[in-house]
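Dear colleague,

Please find the structure below. My notes on what was found in it follow directly after.

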Amino acid sequence: LYYDASNTKSIISGNTLCTDLSKNLNNFSQINGVGYDTNDFGSLVFDGSNDYIDVSPNLNIGTVYTIDMWVKLNDLTSRVWFGGVNTTYYHMNFLNGLLYSRATTLVGLTFGATTGTWFNAVLVRNGNGVYAYKNGVFTDSDLSSGWLTNQFTLYRIGASPSGFYSN
């Protein structure tokens, strides 16, 4: 799964269907008017009310994966979601400066999220552990058991299953 908001082969301003640049063809649809900003080499903009991205349902991430996102928060209560839509499970969420990842329990990882500036957020799952990195620097880990395998029928960016939206 590889999307690049600055690459017109991946995301075309004004078009709701976007293309996965990897060989896996996990295309996505922008729902309810996801915005596009040409500043900073291009980015998707979520208004926090009802817009999000649906990723093709054939995505199988397994038990070893990396989620890598560039994020710019408006405030520390802003939420950025990436995860599966199935009950309340998700993989990545920021809130109050922490990076949250959920399996059978909610895990808040020390992260030091900041506002008003772009930062690179990486969450690595390797078997039963998750590891967080900010701008390439390790910040925290959790080695709890019970991390999810691929239980999702659909992935979303920008919305949680329980109705929270990114802004």
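Strands β6 and β11 run antiparallel and are joined by eight bridges; two strands count as paired if DSSP finds at least two bridges between them. Helices (H or I, at least four residues) and strands (E, at least two) are DSSP runs, numbered from the N terminus. One of the bridge partners is L123 in β11, which pairs with I67.

This is a predicted model, in which local features need pLDDT of at least 70 and side-chain atom pairs count only at pLDDT 80 or more, while totals for chains, interfaces and linings use all residues. Residues are numbered from 1 along each chain as its sequence is written, and side-chain values use heavy atoms, with hydrogens and water left out.

In a regular strand the side chains alternate between the two faces of the sheet. Along β6, Y65, I67, M69 and V71 point to one face and are buried, where buried means under 20% relative accessible area, exposed over 50%, and partly exposed in between (1.4 Å probe, protein chains only).

The largest nonpolar core has 28 residues, and M92, F94, F111 and F119 have the most contacts inside it. Such a core is a set of buried Ala, Val, Leu, Ile, Met, Phe, Trp, Tyr and Cys residues joined through side-chain atoms within 4.5 Å. Its largest share, four residues, comes from β6. Not counting residues up to four places away in sequence, F119 touches several residues, including M69, V71, F94 and F111; contact means heavy atoms within 4.5 Å.

G158 lies in the segment after β14 and counts as buried because its relative accessibility is 0%.

Yours sincerely
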